[in-house]
Every structure is written in C-alpha cells, then in structure tokens.
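Subject: Structure handover

Hello,

Here is the structure I said I would pass on. Please open it first, then read my notes below.

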Amino acid sequence: MKFVTFELNGSETWGVEVDHGFYFSGGWTARYPSLLEFIRSGARIDREEVSDWESVGEEDVQVKAPYLPPKNIICVGKNYKEHALEMTQQDPGSIPSDPILFTKPATSVVGTGEVVEAHEKVTSQLDYEGELAVIIGKRGRDITQEEVKDYIFGYSIVNDLTARDLQKKHKQFFKGKSLDTSAPFGPVIVPAADIDDPQHLSIKTYINEEIRQDGNTTDMIFSIAELIEIISAGMTLEPGDVIATGTPSGVGKGMNPPQFLKSGDTMTIDIEGVGRLENRVK
C-alpha cells in the first residue's frame with residue numbers, strides 16, 4: 001500500500017495505490033483534505049478497509065507530487081563515499097566527518113511526469129541526483145537513534161537537481177539547488193512499516209534509459225537514524241518534513257567528460273520498494 005496524491009476529473013485528491021489501482025475515500029478526504037493533513041493527524045489506515053473505497057485505474061488519473069512540503073526540504077550532501085570522491089577528483093579529504101546540510105524550497109517541487117525546466121538562461125550545468133527521501137510523521141526534537149523509527153511516516157524519492165555552475169559561483173548550495181522545478185518528489189509515499197530495511201535499498205538513476213547511478217542505501221556515510229538524530233538536535237522536526245538523504249556516485253559532473261542535462265532528456269529514478277520517479281527536461 002502506497003500513499004499517493006492524484007488528479008481525477010480535474011480535481012486533486014489523495015488515496016492509496018495498491019497493485020496499480022488507485023483507491024480513495026470521500027470520508028477520509030473530507031476529514032483530511034490533503035495527504036499532508038493526513039500525515040499531520042497521526043491517523044492510520046488499515047489495508048483491509050481500502051477494499052471498500054472507490055477505485056479508479058491508473059490510466060484515469062494524473063499522479064501529482066505527494067504534497068508541497070510545509071518547510072524547505074532538508075538535504076544531505078556527499079553522504080555516499082564514492083559520490084564525495086567523484087566530486088573532488090578522488091580527494092579522500094572530501095569525505096565528510098559530519099553531515100553536510102542544506103535546503104531546497106517548496107517552490108522547486110514538481111511531481112512525476114511533470115516537466116523540469118532546463119533554465120538555459122541561468123545554467124549550463126544542470127545535473128541530477130537520485131535520493132531516498134524520509135517523511136517525518138511525528139513532531140520531535142533531540143530524537144535519539146533508538147527513537148527514530150517512531151518519527152518516520154514513510155519513504156519517497158527526491159531528485160535533487162543541481163545547477164553546478166551556480167553552486168560553485170555562490171560558494172554554497174542553496175541557489176544552485178533551488179531553481180524552479182529542481183525538486184521532483186514522489187510519486188508515492190511508502191509507509192515505514194512496509195520497508196523492512198531502509199538501509200538496504202537499491203537506487204538507480206537512468207538518463208534516456210542509460211543507467212548512470214547504481215547504488216544502495218547500505219553505502220550511506222551517515223545512516224537515516226544518525227541523520228535524524230543530528231538534524232533534530234536542538235531543532236524541531238514536524239510532520240510532513242522531508243529529508244533527502246544524499247545521492248550515490250554517477251552524477252553528470254562526476255563523469256569524464258561531464259555530461260550535464262539538456263532539453264529533451266528523460267530522468268528516471270528507481271528505488272527498490274518505493275517506486276519510479278520520471279521527469280523530462282524541457
């Protein structure tokens with residue numbers, strides 16, 4: 001069972017996807033008009049009751065981003081050793097001893113199937129980064145690693161698109177990571193209980209069907225539990241907050257020569273047990 005937001009007959013609603021079918025309930029959406037409000041409520045849905053909901057085929061809906069995050073997306077840089085090395089000409093000193101943290105604004109969010117702008121007037125070095133996203137489900141601060149499971153609602157995908165030239169020009173990550181449409185998010189949120197081990201999931205990114213990234217969350221430098229403990233230290237996390245946990249090696253900048261995105265390219269990110277996030281550059 002995967003939570004999903006979709007457009008049906010011109011109206012946006014949310015429900016669950018089960019075996020490529022989409023189910024929704026007027027009663028649930030009346031109480032919680034958006035998936036974000038459902039997450040904030042702390043309510044739970046049993047798989048058994050979904051069979052009584054209204055259903056439509058996937059060909060009848062347009063899947064949207066799960067929701068607009070209530071705050072900036074929290075992102076982690078260089079959280080895979082091989083990615084840190086590919087970005088710095090194999091400099092072992094580039095492997096971080098503490099997480100590199102930055103954010104992307106909600107204005108950069110788009111859903112699967114939506115167009116990503118090439119922004120050719122602004123950047124000539126647009127790059128992709130496939131990442132596992134953690135969705136916070138419970139308000140908390142100073143969360144210990146042992147408590148982390150109680151605070152995760154589920155998992156999704158974020159493509160942390162980056163204008164590498166802007167990132168270098170401005171000496172920090174925010175502007176280069178924050179262009180409109182630079183945060184494809186979705187297509188679904190998988191409940192935490194349905195992922196046996198989030199630290200053992202394959203992550204693959206394809207550009208025009210050519211595999212570029214082929215990694216596994218096992219290779220994270222800082223685990224999900226470590227990240228949440230560090231991020232929440234002295235800083236409150238709230239339901240609906242999104243944490244993008246870093247990307248494996250294989251980004252365009254790390255290739256020789258670099259291969260940045262161009263208009264017409266199709267990006268597909270496939271994360272085991274979560275789904276496929278696909279967007280075209282225009």
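Ser156 sits in strand β12 (helices, H or I of at least four residues, and strands, E of at least two, are DSSP runs numbered from the N terminus). This is a predicted model: local features need pLDDT of at least 70, side-chain atom pairs count only at pLDDT 80 or more, and totals for chains, interfaces and linings use all residues. Residues are numbered from 1 along each chain as its sequence is written, and side-chain values use heavy atoms, with hydrogens and water left out.

Ser156 is buried, at a relative accessible area of 0% (buried is under 20%, exposed over 50%, partly exposed in between; 1.4 Å probe, protein chains only). Its side chain reaches the backbone oxygen of Val188 at 2.7 Å. That is a polar contact (N or O atoms within 3.5 Å, one able to donate a hydrogen and the other to accept it; residues adjacent in sequence count only if both atoms are side-chain atoms). Leaving out residues up to four places away in sequence, Ser156 touches, among others, Leu132, Phe185, Ile189 and Ile271 (contact is heavy atoms within 4.5 Å). Ser156 and Ile189 are 33 residues apart in sequence, yet 4.9 Å apart in space, C-alpha to C-alpha.

Lys104 is in strand β7. Is Lys104 buried or exposed? Lys104 is buried, with a relative accessible area of 0%. A polar atom of the Lys104 side chain lies 2.9 Å from the backbone oxygen of Leu161. Residues that Lys104 touches include Asn72, Cys75, Asp160 and Ser182.

Next, helix α7, residues 224-232. Its buried residues are Ile224, Leu227, Ile228, Ile231 and Ser232. Just after α7, Gly234 has a positive phi of about 75 degrees.

Now the cores. The largest nonpolar core has 37 residues (buried Ala, Val, Leu, Ile, Met, Phe, Trp, Tyr and Cys joined through side-chain atoms within 4.5 Å). Among those with the most contacts inside it are Leu132, Ile224, Ile228 and Ile271. α7 gives the most to this core, with 4 residues. A second, separate core of 30 residues includes Val16, Ala43, Cys75 and Ala244.

Best wishes
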